[in-house]
Amino acid sequence: MGRITPAGRGRGPVAEQTPARTAGLEGAIARPPRWRTRGRITYGMTAAIIVIYPAASLMFRLRYRHGDRIPTTGPVLLVANHVSILDPLACARLVFDNGRLPHFLAKESVFKGFAGTLLRSAGQIPVKRFSADAHGALDAAKADLDAGNLVVIYPEGSVTRDPDWWPMQARSGVARLALTTDAVVLPVAQWGPQRVHDYHRKKLRLRFRAPADYLVGEPVDLSGLRAEVRAGRPLSVELLRETTDLIMARVRDQLGELRGETPPRTFHPRPARELPGDVPGAPGSAA
């Protein structure tokens, strides 16, 4: 088990680090400075940081387990369970505090006017839900990963409808991205934002610094399946479902570890219809 160390002073998040790797006889490999690994920050991302960073700090007491598993460079597909409409605020801090800039898939309706200009400048990806253009978001996400960025995806597509907050069946767009890119597929379990906004009861419980816990898992090894796809294996419905369930099972099991409970062996069924406010994690019917 790693050690718990402060991730900053004062009211900063608490981070549990993985054991340090060694380089020859010289000792541990240090992560480079976070401002260097975050790269160029656009005006839109700067505005997002100014708003989200303090808001998340006031709303959540963030606690990270193995945040240093987030690679400092290269494409990363961060796959998380969805427990609250506030998830992106806390998850953005997880990514930012560990030296990367997060790019989220978000419904197109929020990309309007000046706010939309800022979101696009910040690298966020609009999704046209329930339309023939929905899969364009997957193409944009793939291009973002091919450019070496970090994309956050909630494959459930909306807040879980499981009454005990375990993941529900996910859309398979995450598998399409995972199998057609070279991105590190990183499963992340989160637990806590639902204490502030309870989606099931439609209640907002405003409170300061509610505990929000994150467990970053080891990357999912998809090298064998990726080799088969590159060799010509089609992205069939069966392959996409198999890969989706493989990734989400890792997220589900990590959530069980985070909660100290035994998770169910199956996924809660998706709702028959989407509800207002749902945020797609992988757009389109095939997703």
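**View 1. Helix α5 buries five named residues: Ala137, Leu138, Ala141, Asp144 and Leu145**. Helix α5 spans residues 136-146. Buried means under 20% relative accessible area (1.4 Å probe, protein chains only). These residues lie on the same side of α5, because they cover an arc of only 120 degrees around the axis. The arc is taken from the directions from the helix axis to the C-beta atoms. An α-helix has 3.6 residues a turn, so residues three or four places apart point the same way. Helices (H or I, at least four residues) and strands (E, at least two) are DSSP runs, numbered from the N terminus. The model is predicted: local features need pLDDT of at least 70, side-chain atom pairs count only at pLDDT 80 or more, and totals for chains, interfaces and linings use all residues. Residues are numbered from 1 along each chain as its sequence is written, and side-chain values use heavy atoms, with hydrogens and water left out.

**View 2. The buried residues of α5 pack against strands and a helix**. The strands are β4 (76-80), β5 (102-107), β6 (125-127) and β7 (150-153). The helix is α6 (173-180). Contact means heavy atoms within 4.5 Å. Just after α5, Gly148 has a positive phi of about 95 degrees.

**View 3. Trp165 and Arg209 take positive phi without being glycine**. Trp165 has phi near 75 degrees. Its place is the loop between β7 and α6. Trp165 is buried, at 11% relative accessible area. For Arg209, phi is about 55 degrees. Arg209 sits in the loop between β10 (203-204) and β11 (210-216). Its relative accessibility is 17%, so Arg209 counts as buried.

**View 4. The largest nonpolar core has 30 residues**. Such a core is a set of buried Ala, Val, Leu, Ile, Met, Phe, Trp, Tyr and Cys residues joined through side-chain atoms within 4.5 Å. Leu77, Val79, Leu105 and Ile247 have the most contacts inside this core. At least two of its residues come from each of β4, β6, α5, β7, α6, α7 (223-230) and α8 (237-259). Helix α8 gives the most, with six residues.

**View 5. Ile247 touches Val79, Val174, Ala178, Val185, Val220 and Leu222**. Residues up to four places away in sequence are not counted. A second, separate core has 26 residues, among them Ala90, Ala92, Phe104 and Val216.

**View 6. The whole chain has eight helices and 11 strands**. Of its 287 residues, 49% count as buried. Among contacts between residues at least 6 apart in sequence, 77% join residues at least 24 apart.

Terms used:
Buried means under 20% relative accessible area, exposed over 50%, partly exposed in between (1.4 Å probe, protein chains only).
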